[in-house]
Amino acid sequence: MRLIVPFPPSGGNDIVARAVAQQLSASLGQPFVVANRSGAGRAIGAELAARAPADGYTLFLGGVGSHVVNPNLHAKLSYDPVRDFAPVTLIASAPSVLVVHPSVQAATVAQFTALAKANPDKLNYASNGNGSSAQLAAVLYESMAGVRMVHVPYKGVSPAMVDLLSGEVQLMFGTIVAILPHIRAGRLRALAVTGKNRSASLPDVPTLAESGLPGYEAGSWYGILAPAGTPAAIVARLNAEINKAIRQPEVGERLAAEGAEVIGGTPEEFASHIKTELLRLKKVMREGGIRME
């Protein structure tokens with residue numbers, strides 16, 4: 001069996017995918033090969049999975065990038081996120097955290113919003129690229145808070161962090177795993193997390209919804225999909241085994257280490273989640289002018 005991962009080896013998503021694949025290999029009695037096919041904003045791996053035989057032997061680790069951002073970002077795409085896939089299970093979600101450089105005179109979201117309103121287009125926020133979950137979280141905040149900031153996209157998290165820590169940019173909606181050490185060291189100040197609930201890694205940091213923006217929710221998520229046309233009985237078996245796998249202690253620990261929370265559920269729930277996210281983020285991206293022709 002083959003699990004296509006649209007990320008380079010050794011990254012957080014790849015580590016989690018390998019942990020799940022190891023559990024599935026044992027429970028299904030089948031050797032698993034994790035195939036890393038990164039590039040083109042996850043489109044290369046997604047297209048490869050969409051064109052694979054629908055026999056249950058090829059699976060895909062899909063997420064916000066492949067199934068929500070790409071369809072809304074690109075006018076032409078080599079695959080359809082709904083028509084070309086059979087959702088199996090939503091594995092986990094990973095909220096981000098809004099952090100500011102210590103030079104920013106704001107200790108809460110309310111104070112930061114007041115500062116941003118008083119200084120339109122003067123606060124710069126970093127992201128790891130156009131259409132990234134970091135930019136989407138910021139655009140959603142701008143829309144709901146009624147503020148305007150300047151987006152500074154970088155080619156990855158590392159260069160964005162360098163400029164954030166030096167104060168070249170003032171804020172970022174970043175992954176908890178990447179930012180947590182800097183929060184603990186006092187190099188960055190956490191204002192809020194973007195998920196529906198508080199993060200176990202930052203229990204004292206409120207959500208944006210708690211901080212005056214009811215209904216705010218952003219971050220990344222990922223799950224397992226098969227090519228469209230995969231028999232329902234195979235999808236059901238994979239769903240049962242994956243739900244069992246992600247509740248194993250070692251997999252849960254891997255997910256927690258990446259700042260993610262286990263979800264699980266039925267194929268129908270995952271399919272509904274994808275469709276809901278497509279519509280929700282279409283509005284966010286349109287209002288933020290995020291598009292690539």
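These legends describe close-up views of a predicted model. Because the model is predicted, local features need pLDDT of at least 70 and side-chain atom pairs count only at pLDDT 80 or more, while totals for chains, interfaces and linings use all residues. Residues are numbered from 1 along each chain as its sequence is written, and side-chain values use heavy atoms, with hydrogens and water left out.

**View 1. Packing of helix α3 against helix α10.**
Helices α3 (residues 64–73) and α10 (residues 267–287) pack with their axes 9 Å apart and at an angle of about 45°. Helices (H or I, at least four residues) and strands (E, at least two) are DSSP runs, numbered from the N terminus. Axes are lines fitted to C-alpha atoms, for helices over the stretch in contact, and angles run from 0 to 180 degrees between N-to-C directions. The angle makes α3 oblique to α10; angles under 35 degrees count as roughly parallel, over 145 as roughly antiparallel, 65 to 115 as roughly perpendicular and the rest as oblique. The crossing of α3 past α10 is right-handed, a crossing being left-handed if the near helix is turned anticlockwise from the far one by less than a right angle, and right-handed if clockwise. On the α3 side the contact includes Val64, His67 and Leu73, and on the α10 side it includes Ile274, Glu277 and Met285 (contact means heavy atoms within 4.5 Å). By class, the contact of α3 with α10 has 9 nonpolar, 2 polar and 2 charged residues. Here Ala, Val, Leu, Ile, Met, Phe, Trp, Tyr, Cys and Pro count as nonpolar, Asp, Glu, Lys and Arg as charged, and the others, Gly among them, as polar.

**View 2. Ser66 within helix α3.**
Ser66 belongs to helix α3 and is buried, at 2% relative accessibility. Buried means under 20% relative accessible area, exposed over 50%, and partly exposed in between (1.4 Å probe, protein chains only). The Ser66 side chain reaches the backbone nitrogen of Gly63 at 3.1 Å and makes a polar contact with the side chain of His67 at 2.9 Å. A polar contact is a pair of N or O atoms within 3.5 Å; within protein, one must be able to donate a hydrogen and the other to accept it, and residues adjacent in sequence count only if both atoms are side-chain atoms. Apart from neighbours within four places in sequence, Ser66 is in contact with Arg42, Ala46, Phe60, Pro71 and Tyr79.

**View 3. Helix α7 and its surroundings.**
Ile176, Ile179, Leu180, His182 and Ile183 are buried in helix α7 (residues 176–184). Among the elements that cover these residues are β5 (96–100), α6 (157–166), β8 (171–175) and β9. Helices α6 and α7 pack at an angle of about 25°, their axes 12 Å apart, and are therefore roughly parallel to each other. The crossing of α6 past α7 is right-handed. In this contact, Val157, Met161 and Leu165 of α6 meet Ala178, Ile179 and His182 of α7. These residues divide into 5 nonpolar, 1 polar and no charged. After α7 comes Gly186, which has a positive phi, near 80°.

**View 4. Thr194 in the loop between β9 and β10.**
Thr194 lies in the loop between β9 and β10 and is buried, with a relative accessible area of 0%. A polar atom of its side chain lies 2.8 Å from the backbone nitrogen of Ser96. The Thr194 side chain also reaches the backbone oxygen of Ala218 at 2.8 Å. Leaving out residues up to four places away in sequence, Thr194 touches residues including Pro95, Phe173, Leu208 and Tyr216.

**View 5. Glu210 in the loop between β9 and β10.**
The loop between β9 (189–193) and β10 (220–227) also holds Glu210, which is partly exposed with a relative accessible area of 48%. The side chain of Glu210 reaches the backbone nitrogen of Thr207 at 2.8 Å. From C-alpha to C-alpha, Glu210 and Ala236 are 37 Å apart in space, and they are 26 residues apart in sequence.

**View 6. The backbone at Asp121.**
Asp121 sits in the loop between α4 (109–118) and β6 (124–127). Although not a glycine, Asp121 has a positive phi of about 60°. Most residues other than glycine have a negative phi. Asp121 is partly exposed, with a relative accessible area of 38%.
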